[in-house]
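This report describes a sheet and a pocket. The sequence and structure come first.

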Amino acid sequence: MLLTVLVVVAGLSLWISSMMDPGAGKTLLTSLGTGTLISAVVGFGQTLLTATASQRAMVTPVIEESRRALEALSAEYRSLNKEFFPTHVFDATTDPDPMFNRIMTEDLDVTRHYFFRGFSGRHAAARLLLSRTERELRVVIADPRDEGAISGRARYLLRSEEAGMDYETIQARLDDEISIGLVGLFLARGRCSLVDITVVADPPLDRLEVFDESVWVTLYSDIRGATTLYPRTLRFSEGSFLYNKERSEFLRVSQSRSGRHFRISTTTTRADFLALYEKITGSLLTEENFLELEGKFHAFRKEFTKLAELNP
């Protein structure tokens, strides 16, 4: 406001003096206008410098502090995302998702310790036979000697199968899958330094696959995918809450003294496996039955490789 007054006074003084005849009055007004104009210019400069200094002293630190706070908040959100949110979400489908299998295969290729918790382990065996890297495999599967161990998976399949499929038929199929999975794990022993098998009477319905850098949870318990063959799957990275939790729980079960544990190594012969199969299932496996199950496993592996679009 003061600068405006000074400019107005200076302008009026100089304008009026320009219309007056030479004399003391004109000189006085000219001096007044010139002095006032100089004061206005100097005042404006001082105001500008003061405002700039004030901004540097007050506003700039606030901006910098806000920027640092936003960076810290962003870092915290990134940390929370890694801690609690999945890196990938694969929705339930009726056919295998090539992207799902491609990313999982990439995780497997850089893994030295592969943990699998599922129903039969045949998918784990099929993936291992596609790999060329040796690793340690630990699996937790359903106990074929306990009828309750397969009831949960049977109920899930009843929801996704066509009408008319009865429980006994599905149960027989699941028994066959366990046998095929065991034979597959034996055939995959050449890809592993160790195959550690734990059978449990009441396995969780959700399938779990733990790699060195990620954990995959396939949600058979999710009712939203109950009518599809391949349920919704979540992938969490190493260091996340779910990764640490599921890895610790898996090791607890696989190392529990109360569980039934079995091992297959590269030195396990077919005769050794036939005896081991009888211990696990309670059923005698003849050479003829072994060859039949071996053929079924290779047929499953070829079909799985083709549908998942994985290179053989």
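## Basis

Helices (H or I, at least four residues) and strands (E, at least two) are DSSP runs, numbered from the N terminus. Two strands pair if DSSP finds at least two bridges between them.

The model is predicted, so local features need pLDDT of at least 70 and side-chain atom pairs count only at pLDDT 80 or more, while totals for chains, interfaces and linings use all residues. Residues are numbered from 1 along each chain as its sequence is written, and side-chain values use heavy atoms, without hydrogens and water.

An open sheet is formed by eight strands, in the order 1-7-6-5-2-3-4-8, with mixed pairing. Strand 1 (88-90) and strand 8 (260-264) are at the edges with a single partner strand each, so one side of each has no neighbour in the sheet.

Strand 3 (residues 135-142) and strand 4 (residues 192-200) run parallel and are joined by eight bridges. L137 has V195 in strand 4 as its bridge partner.

## The largest pocket

A pocket is an open set of points on a 1 Å grid over the protein atoms alone, where a 1.4 Å probe fits, with protein on both sides within 12 Å along at least five of seven lines; lining residues have an atom within 4 Å of a point. The largest pocket has a lining of 35 residues, and R122, H123, L229, Y230 and F300 lie nearest its centre.

Helix 9 gives the largest share of this lining, five residues. Helix 3, helix 4 (122-130), helix 5 (151-160), helix 6 (167-187) and helix 9 (287-307) each supply at least two.
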